[in-house]
Each structure stands twice: as structure tokens, then as C-alpha cells.
Amino acid sequence: MGLLHGPGTRSETGINALSCEFGDTVPLFSCRGRFLSVRHHTSHLARDRHYRSTRYEADEADEADEASTLNIAIFGSGYVGLVTAACFSDAGNDVLCVDIDAARVEGLTLGDCPIHEPGLPDLLEANAQAGRLRFTTSAAQGVAHGLYRFIAVGTPPCEDGSADLQYVLAVANSKGQHMREQHLVIGKSTVPVGAADHVHATIASQLHARDARIAFEVVSNPEFLKEGAAVSDFNNPDRIVVGVSSPKATQLMLTLYAPFNRNHDRVIVMHVRSSELTKYAANAMLANKISFMNEMANVADALGAKIEKVRLGIGSDPRIGFQFIYPGCGYGGSCFPKNVKALIQTTAKVGYRTAVLESLEAVNHRQKKTLFEKMQKHFGDLRGKTIALWGLAFKPRTDDMREAPSRTLMEAVWAAGGRIRAFDPVAIDEARRLYGERADLYLAASPEDAGADALAIVTEWRIFHSPNFERLSRVINQPLILMDAIFTIPSRCAAPGLPTTPSDEERDDDPPSGSCARQLSSHCTLAGEEKVEQGIIQQIHVTDPSWSLDLAHRRVSPARSCGPRTSRIRACPLRAAG
């Protein structure tokens, strides 16, 4: 799939030995795909800086004019598409974003950002006002807009878990129908290995139907953005993975990412299929670490060990590290669950069973049920019970509820006859969109909306880190708090002078996604091993490993250096006198 080749004959290496003619241009490749020479003086390509009346010799290219503006078209205005469009336009490029959703395009044109992502609305507004970022529903306009054409549409899961490529291939069809000049097709969507081949075949088929011989190459350029930090991740990437089939495509991608690759070389060039697999492998590895620690947490619970000490013990090994080894109630979001399932299906199609991936998916599915199981064990019958839920998004700093553990909990409570009163700083509208108006769901305007029998804290928003226990005591009818863990407290939750503000050390430790560790970071002063002062706290089940039980100093406090992912693992009951 080398650049500057059309639907001609392909060599054993997958590179055309001789591309089609393009005006007066006859690009030549060796049998190994090595670029030999190309001439062109095509005026309509002059707006792209790397095609200005150039002559390329073997492995040599003229230096790009860095002062010039690149024209970039991005198909898809979802999460990845918008972040990519905003950041490329903010680097001075002329970006056209294409989407078939007319209402979405109209909203974006008027300045409405359809997703919650810190920093993104400001970037969209600033670059739209500067004229560097525009939105359209016209595929023809997008295809005609410069050399670089990104595919950043969704790849939702099919019923069997495999990735649905219908939207990706629909964009490829549009490109083949409207293509008039050579260009680079860049896959930004998360796709299974081999998807670029399907995109190439789809475009080539449309060109063949038109009897058009136009050069193009399909490149894989997966995204590694974290929701809640996507703008920062794009502008300061830890790696830029590029899957190409020709040296020229490599040079074009280096030119494109030059503004984001200034400090040191972050570009990793590889074959297209390797690039596609890298995205899946990265997410599978992170999901594997999470599920492994959840499994170890359950093992620690059964054996009477403290998972927090285990975490510190293994995380101190630099080969393991501390990231993503915090037990929690399971991973969610748009990436990990979907990508793990898609990779399982991809390997199954080639006759290989990924036992590790199947196991971690099973562990994650089980972990999401943990909070409900603890709640059911406490109450017995949940019919008529109202559960307050803090946190709906699968992680903080986003409104994304896809595969969120909160959804598993809510739906289980409803199935058991209970009701939900939920609060989230930004995901309320998303919850309303997903579930609509229903009698057993109340979407609260504040965390302390009264009238619940228990409180479950599912997402580690900072607003939940230091709750007001006195106020909390008036909103919980029964003494039960769950934070991926169980804290049982009475109707009066705070004594006069009880500190509720975390220390500077604790506040600065901003946890990543996946748990509610250290949410209740207040110190609970105790009078003795079996007696609690003033009857304030009758019983505490400390199952969150980020909390430590210090009877010598008569307090339950957050463990130092604890991370974000909580656990339901270690029970340390304190029995009140009488």
C-alpha cells in the first residue's frame, strides 16, 4: 500500500512495483518498496508543502517548508476526531472536520462542544474563530481538502465482540468515489489487524469502478489518548506510532507530527499491521494489570492478607511499577472493554485462543458486580431501598459512561426492586440520555441530596474526597457507605472537631481512573479497640486497601502513598461497646 500507487499490480512485499501514472508523474519502487524516484509539477498539489515541484531521489527528500500550512481533513467528529482536529488546527494547520450528523456539525459550527474533555472547548472555539478549523457534512469537500485525510469514526462492537468496521469502510467508499488527486489515508480509528487492507481494497474498488488511476497509501496512526487528559496527551505524546508501507509515507508523517515531536524523537515507525496490533496490545496490557490486581485482591481477602501491602511490595519492582495495579470495581470506558473483546475475536478468526485475554475479561465482568453483592448481603432484600450513587462516569474528568461500573450497579439495583439517586459533576446529562425518565432513577443536583438507605461511591471525583460527615449523616437513612468497599457508619457520622480536609500530601496525589481510594480521607478518632467515642461510629468494615487501621493511635486514616484503585478486600471490624 505504498504512497503514489494506485490499483496496479502488487509485489510479494505488498508494494506496487510500478504505480499508475499521475499526470506526468511515474513513481517507481524497488521490489522491497524502496522509493527510487518521482517527478511531479502538478499545480493543484502546490498547497501541500511536501509536493512543491519536487524531485525525490533514493532515500532523499527536500526539506519541508515548516512555515507552510498543511491541509488536513478528518472524517468523524467524535472524541478522537475532535481532539485530533483541535490540536492539529492549534498547531497552525487548516483542518476540515467531516461528519454525517448535520445537527452535530451545526452545533460545532456554532461553538458547542458535544463532549466533556478539559481544554477541548477552548481549543475548538479559538481555532474556529481563527479560521483554521471548519466543520462540514460534505464528504466531497473533505476528500478534496489537501493531502492528509484521517479516518476517525467509531468502531462499535458487534454482538460477538468484534469491531464493526461499517463506518470506517463507509468513509473509505466516500474517498474512493470523490478522490481526484493522490493523498494519504490515515487510520486513527481503533481497528482490528488487517483493517487497513480492507480500507485500501475498498478505495481501490471505487477507483476501479470509475476507471481512475489515482495514487494513495493507507497509513495506520493509532491514538493513545486518556479521557480527561486527551488534549495534553496529544500535544505531549509519549509515543507517536506510525504504520506505513513506504519511506515517502514515513517522511510525510514525520512532517505532519513535527510540531509535536520537538523535544525528542517520539515517532515509532513500523509496518501497518504491527501498528494496528500495538493499539490493541497496549490496552490489553493495561486491562490485564487491572484485572490481575483485582484477582489478587480477592485472593488476599480469602487468605487474610492486606492487598495494599502486597501492592507496595510488587510495585516497588521497577519491572512492574505502580501504575494500573490498584484493585477496584473493574475497568470501563470506550477502550479497554471493547478492545479486549475485539482482540479475542480477531485472534479466534486465525485459529488462536487468547486464554489470558479471556480470563481478564471474565475477572472484570465479575468485579463489576462486587458492590451490588456486598449491598445485597447487607440488606438481604433491596426491594423498596434507595441507593445514593456518587459518580456515574467510568472515570473522573469525563462524562463517558460506556461500560462504566456505575451502570452495572444501577441496573442490578433496579432488577432487585431498588431505586437509585445518582450524582455526578458532569455525567448527569449522559445518564439522562442513556436511561431517560424513569421512576426508579433520580438524578440529583448535589451529592447530599437526601433520602437514601445507603451510599455507593463509584467514581473518584475530587469533590468526593472529603465529604462532610455531619451533612452526610442527614442524607443516609441507614449506616452504610460503599466505596468499592464497605464503610458502615451510624446516622450521626461526625463529631465536633472531626477533621474532614485531606493533607496537602494527600491532596496532591491525584489518582488516575478506576477506583474511589482515599475518597473519605477524614480521620476518625477512636477511643479504643472495642469502643468508639460518643458512639459516633458503631462499626467500620475497612475493606478499602488505601485505608489503614491504627489502633495504637486510635484512628482510621488514609494510607500514605496509596493509589487510586480501591478494593473490597480486607475486612477489619471495630465493634462498638454495648
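Predicted model: local features only at pLDDT ≥ 70, side-chain atom pairs only at ≥ 80, totals over all residues.
Leucine 389 lies in strand S12, which comprises residues 386-390. Leaving aside residues up to four places away in sequence, leucine 389 touches Ser406, Leu409, Met410, Ile420, Arg421, Ala422, Phe423, Leu455, Ala456 and Val458. Threonine 459 is 70 residues from leucine 389 in sequence, yet the C-alpha atoms of the two are 9.3 Å apart in space.

Helix H11 consists of 14 residues, 336-349. Phe336, Pro337, Asn339, Val340, Ala342, Leu343, Ile344 and Thr347 are the buried residues of H11. These buried residues pack against helix H9 (272-303) and helix H12 (355-367). Glycine 351, which follows H11, has a positive phi, near 80°.

H9 also packs with helix H10 (residues 307-315), at an angle of about 135° and with the axes 9 Å apart. The two helices, H9 and H10, are therefore oblique to each other, and their crossing is right-handed. Met293, Met296, Ala297 and Ala300 of H9 make the contact with Ile307, Arg311 and Ile314 of H10. Of the residues in this contact, six are nonpolar, none is polar and one is charged.

Note on methods
Residues numbered from 1 in each chain as written. Heavy atoms only, no water. Helix = DSSP H or I, 4+ residues; strand = E, 2+ residues; numbered from the N terminus. Expected span 1.5 Å × (residues − 1). Buried < 20%, exposed > 50% of the residue type's maximum accessible area, 1.4 Å probe, protein only. Contact = heavy atoms within 4.5 Å. Axes fitted to C-alpha atoms, helices over the stretch in contact; angles between N-to-C directions. Parallel < 35°, antiparallel > 145°, perpendicular 65-115°, else oblique. Left-handed = near helix turned anticlockwise from the far one by under 90°. Nonpolar A, V, L, I, M, F, W, Y, C, P; charged D, E, K, R; others polar.
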